[in-house]
Amino acid sequence: MTSLKRSLASDPYASNISSKVYVRSTKSGKVQKIVRELYLRQDIPCSSKLCTTCIKTAPRDASGNLPPFVLSEKPAGTKKYPQGHYLIPDTNALLNALDLFEQTSAFYDVIILQTVLEELRNRSLPLYNRLIGLTKSEDKRFYVFFNDFRLETYVVRDVGESINDRNDRAVRRAVKWYTEHLTQAVKGAGTKAAKIPAVVMLSDDKENLKKAKKDGIDACSLKNYVEGLENADQLLDMISVVKEGRELRDAKTAEALYEEYFSVSKMMTGVKNGTLHQGIFNVSPYNYLEGSIKVPAFDKSLLILGRENINRSVQGDVVVVEVLPRDQWKEPSTKIIEEETMNKDENADAEEGEAVVTERERKALQEEVKKVHSKSSEGRPQPTARVVGVVKRNWRQYVGHVDESSVSQSIKESRKQQTVFLIPMDKRIPKIRVRTRQAGEIIGKRVLVTIDSWDRDSRYPVGHFVRSLGDLETKGAETEALLLEYDVQYRPFPKAVLDCLPTEGHDWKVPANTDDPGWKDRRDLRGLQICSIDPIGCQDIDDALHARPLPNGNFEVGVHIADVSHFVKPNNAMDAEASIRGTTVYLVDKRIDMLPMLLGTDLCSLKPYVERYAFSAIWEITPEAEIVKSDFTKSVIKSREAFSYEQAQIRVDDASQQDELTQAMRTLLMLSKKFKQKRMDAGALSLSSPEVRVEMESETSDPIDVKTKKHLATMSLVEEFMLLANTSVAAKIYEAFPQTAILRRHGAPPKTNFEELANQLKVKRGLELRTSSSKELADSLDSCVDPGEPFFNTLVRIMATRCMMSAEYFCSGTQAYPEFRHYGLASEIYTHFTSPIRRYADLVAHRQLAAAIDYEPLAASVRSKGKLELVCKNINVRHRNAQQAGRASIEYYVGQALKGRIVEEEGFVMKVFSNGFVVFVPRFGIESLIRLRDLAEPEPESVFDAEEYVLRTSGSRVVEVGLFDKVVVRISDVKEESTGKRKVKLELVKVGEVDTHE
Amino acid sequence: MRHGEEHRENNFAGPNPAKALPHQNTTPQHYNTTQQPPHTIPMPLDTSTYSLALLRLDGRRWNELRRLTAQISTQASADGSSYLEMGNTKVICTVTGPAEAKMTGTGGGAGDKALVTVAISIAGFSGVDRKRRARNDKRVSEMQTTIAEAFCETLFTHLYPHSTIAISLHVLSQDGSLLAACLNACTLALIDAGIPMRDYICACTAGSTSSYSSNDEQADPLLDLNTMEEQELPFLTVATLGLSDNVSVLVMETRVQVGRLEGMLAVGVDGCKQVREILDNVVRKRGVKILEGSQL
């Protein structure tokens, strides 16, 4: 038997191979030891354009391309390093101040070490992804140097050395190597360029800096480095305060205000055993001290009351909670508690003697408790809970403004660093404590901040200032704020995307020659009388219709959709951008496109009088609106006319118009009514949401008036056929791709969602709301009428809408067929197909349908379930954000339109609290809170009858306000202190009708 | 432009934004620990970093094999034996035979050819998790069949009628390219056993730097994947006959875009030639020793 032991001496590789052993624990708690090889090499380039040796050995990819060298030969200099310098940040530097590195004014020529990248990835994935993004941007010149694979810079961990120390040492070794390498390279080149750039290590670790000094390498703390730059003040604010703050506090040994979080393993076991629960933390919009969290174990969501129980969670965080004993269960509060009124005059700098719960807050909460105890016997208490740990922070960048009162007057002008409060626009986010040197400058501006941390000993989270968007209430700043707040991608399309556009630009035409490859498998429908019907001023026309009688008495109806998938090929830069944007966002004065203008408003848009590629769905339909057969095909069409809803309506109503196009529209109208009836019979819901339109002055585009939208028959004409097309396509792609079809579902709302509304209707009006099926609900909504008040029904519908689940895109393989149902439309299966110009989901559906009819093979990316799930997840979020941004934009402009005006208008009470009520004004589609203290000065006494939903006041003003009551309010505009938004303010004039006699 | 159908539909998109959003984000999420306990050593990067510097997870380039070392005649008691390492994948192979078929059962070459049987045993400690494989593990038996069939074609089995060539493989350590390592170890052991064959069967794996559905146009092919890469990327195992381009084994169990297949295969076949070079050296060294009379 010979020995299997390898003699290392004879092995030529031996010195180049090392191994890496690490231990990790898996989710299930197992400990794994992993051994991996490391091949050390000498051909990893330094990537500096100064170096002439590295380029000779630089690697090439499989197709022989040489990745270009990144670091410039003449890097920027600073006072300290006039010869120019390359930066090598360590992990802490990146963790604390990645925002800095994203600046365009400085931080070029940065070397990111593999060691640092690995560490960053383990510490924070979002930061890692941002950094990867940076390394890919060409103008920032970030280079990733794989120091652990390079023989000269590889560092073996010593016995007893901590991994952090080893990594720090690796960073220093790499810095040293770079310095020596560059010196050699420049000297070797022998030219008189001669200036050797310094290689500077950036670190916030004092120990590391000290050692670097000993090793004789250039090193600098972030702060020192930034101070040497030109716009130092601005940049200094961006350094996260975490570290500094901690040092400060350590000295003071501040007392902890909040309870410590459980350890990860304790939370994990708890969640597994069912003793703890995990979910997403949501804050009540009316009461900032009340949060709720939905967990599978309870059908009602868990309430989290008070600062201590909320324990540093912020809206959207994934948290773990512990349910409190049953005797502490409560009803959701009926009181409005707003942060700005509670803790108005706090000093941002005050650190000592700060209590978690201020005296006022405590009082407010105690009143609540009293009330609950008094009638808990028959109340419907909800389980309460407290947060014991945060699994995942969902912090993002927040838009807000500086609380002016927190800035001390004396140093407003000075450059001294001070702490200020930043009030986020989103009321559900707590105030953020920010240290800044530019307090004076950013007052009255919309600013962007991030939260860095929230320690146990701080009442508020600590963050840092990112940038200023502009003055409050200027159109630009407010719009950008809105877009940032809803995470809408609004930057111009990058060059890579524009490169994907057809080279002909606006001159692109459908090829005249039908032998052209573009015509392959396309049906020539240019002869059909096709028209489009859209809102006034519509530029991105993605649908058109036609109808004609067939000899057998049936009708042929076609829906033609812009063939976007012809222009946007899967997997190119344009497709990637569109899939990230997910949807076009419509604001009052602006549209943020999903696709570049050229496509959206010209080449794809089914404009009249020109030939366009389309994707057509064509049905044969009997006069009773039964579908005989359906057919999908790519086509070429020529729209005869682009109508607005109003024009179409006029034409249909005008009996003298007897041309083919009008006749076709009449046919469509007739069929659409029958389709609608069928849908209603099947239990489709007709719900409502307040819809208003802001009229703009055409030249200045200042808002001048608000109009409620009118409903025309031609609107539901288009609507019905779009629904029909969507449903037919959904069935078709599901048949072809049972696992990967992109569909849209709308879940049935849980019964508990309607409990409160049903009870309100019963108590106030004696009406019954049946919710067991969508049909039942539709019928009982129809019966919710008040003969004296036509708007009552709409009000109920608006309120019912808020009890619904949101519809979502999904990939068919992830749900069982019965779950596909669209509750609101009462359709078994549904997708989005009809607006590919502005929705990415439709584009995916187009590709799948094209594959289903064998027009082209299916791209791999829309064939993989995992990939599609990611797409769905993203577009669901984008879709929701886009809607919210749109509504927020309308809200803002309604406020602007009413600026300086005072109107009296009718409204309805939608919600009653013990110290206020919410009024909805249909004329402007606004709803707003009227607090007791707004009624009169001093604040009137009040009695709140929670059973009857009535609030009676006495004393300084006597009124009785009940739910659903009609009231008259005076509308004016005020600048809301808390959010810095101009908002409408409502004042109660009287309860009841407007007196017309006076 | 937006139509009513959307408004109708949007009505179900939940309540007004400024107001409560009870349905937003309420789907329960899986527990994931983002906070690493402080003592664990950071996990290395994943395969997505390849494009940053054209370096793989272990520092290799796209067309580099791992260290491949082998010995031959490691076990005197066997008719032929070998020990082979491809990176951290370590395999022992022993060959018994050609021996006369046992009378019992169906064993033994039926008719005029020798029967090749392969038995693979994977040690419980060979992987990251200690795991006992079932006796009739499907993956293992498929590997056995693949190897047996490949050598049936290559060995001159017709020289040994009514006999059995039993190959036994022991996997000591697994780090990717297991089938390839087994094939290479078999080749060496069979040569050691002195069984005539057409040529070496040399195997290796080839992969692609981007996963099936990712839209990376510039995916590089990869040679000789380790476990991490096998878990994340599409790959195939290919074996060729000696220096020819004749493919004797080709196994792929992952999805890959057709366009990338050709590149992967070409790199794989090229890798096989490099492997042959290494195996040939091992055999020749052994031959020199035998000639010197110092083999024992």
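Glu577(A) and Arg581(A) form a salt bridge, with the closest N and O atoms 2.9 Å apart. A salt bridge here is a side-chain nitrogen of Lys or Arg within 4 Å of a carboxyl oxygen of Asp or Glu. The model is a predicted one: local features need pLDDT of at least 70, side-chain atom pairs count only at pLDDT 80 or more, and totals for chains, interfaces and linings use all residues. Residues are numbered from 1 along each chain as its sequence is written, chains are lettered from A and ligands numbered from 1 in the order in which they are written, and side-chain values use heavy atoms, with hydrogens and water left out.

Glu577(A) and Arg581(A) both belong to helix 18 (residues 573-581) of chain A. They are four residues apart, about one turn of the helix. Helices (H or I, at least four residues) and strands (E, at least two) are DSSP runs, numbered from the N terminus. Both Glu577(A) and Arg581(A) are buried. Buried means under 20% relative accessible area, exposed means over 50%, and partly exposed lies in between (1.4 Å probe, protein chains only).

Over all chains, the structure holds 61 salt bridges. Side chains of opposite charge can pair when their charged atoms come close. Arg839(A) and Asp842(A) are one such pair, at 2.8 Å from N to O. Arg839(A) has a relative accessible area of 1%, so it is buried. Asp842(A) is buried too, at 0%. Asp524(A) and Arg526(A) also meet in a salt bridge, at 2.8 Å from N to O. Here Asp524(A) is partly exposed because its relative accessibility is 40%. Arg526(A), at 22%, is partly exposed as well. In chain B, salt bridges form a network. Its members are Arg56(B), Asp58(B), Arg60(B), Arg66(B), Asp175(B), Asp224(B) and Glu229(B).

Strand 24 (residues 611-621) of chain A has 10 of its 11 residues buried, so the rest of the structure largely encloses it. Strand 24 of chain A pairs with strand 21 (residues 555-562) of chain A in the antiparallel sense, over eight bridges. Two strands pair if DSSP finds at least two bridges between them. Within this pairing, Phe615(A) of strand 24 stands opposite Ile561(A). Strand 24 of chain A also pairs with strand 25 (residues 627-644) of chain A, again in the antiparallel sense, over 11 bridges. There, Ala617(A) has Phe632(A) of strand 25 as its bridge partner. Five residues lie between the strands of this hairpin. Ala625(A) in the hairpin takes a positive phi near 65°.

Chain A also holds an open sheet of three strands, in the order 33-34-35, with antiparallel pairing. Strand 33 (941-945) and strand 35 (960-962) of chain A are the edge strands, and each pairs on one side only. Three bridges join strand 34 (residues 950-954) to strand 35 of chain A. Val950(A) stands opposite Gly962(A) in strand 35.

In chain B, five strands form an open sheet in the order 1-2-3-5-4, with mixed pairing. Its edge strands are strand 1 (68-72) and strand 4 (115-122) of chain B. The twist averages 15° from one strand to the next. Angles run from 0 to 180 degrees between N-to-C directions, and axes are lines fitted to C-alpha atoms, for helices over the stretch in contact. Strand 1 and strand 2 (residues 80-86) of chain B run antiparallel and are joined by five bridges. Leu68(B) stands opposite Met86(B) in strand 2. Helix 6 (residues 258-292) of chain B packs on the sheet and touches strand 1 and strand 2 of chain B. Contact means heavy atoms within 4.5 Å. The direction of helix 6 makes about 30° with that of strand 1 of chain B.

Thr240(B) sits in strand 8 (residues 235-241) of chain B. Thr240(B) is buried, with a relative accessible area of 0%.
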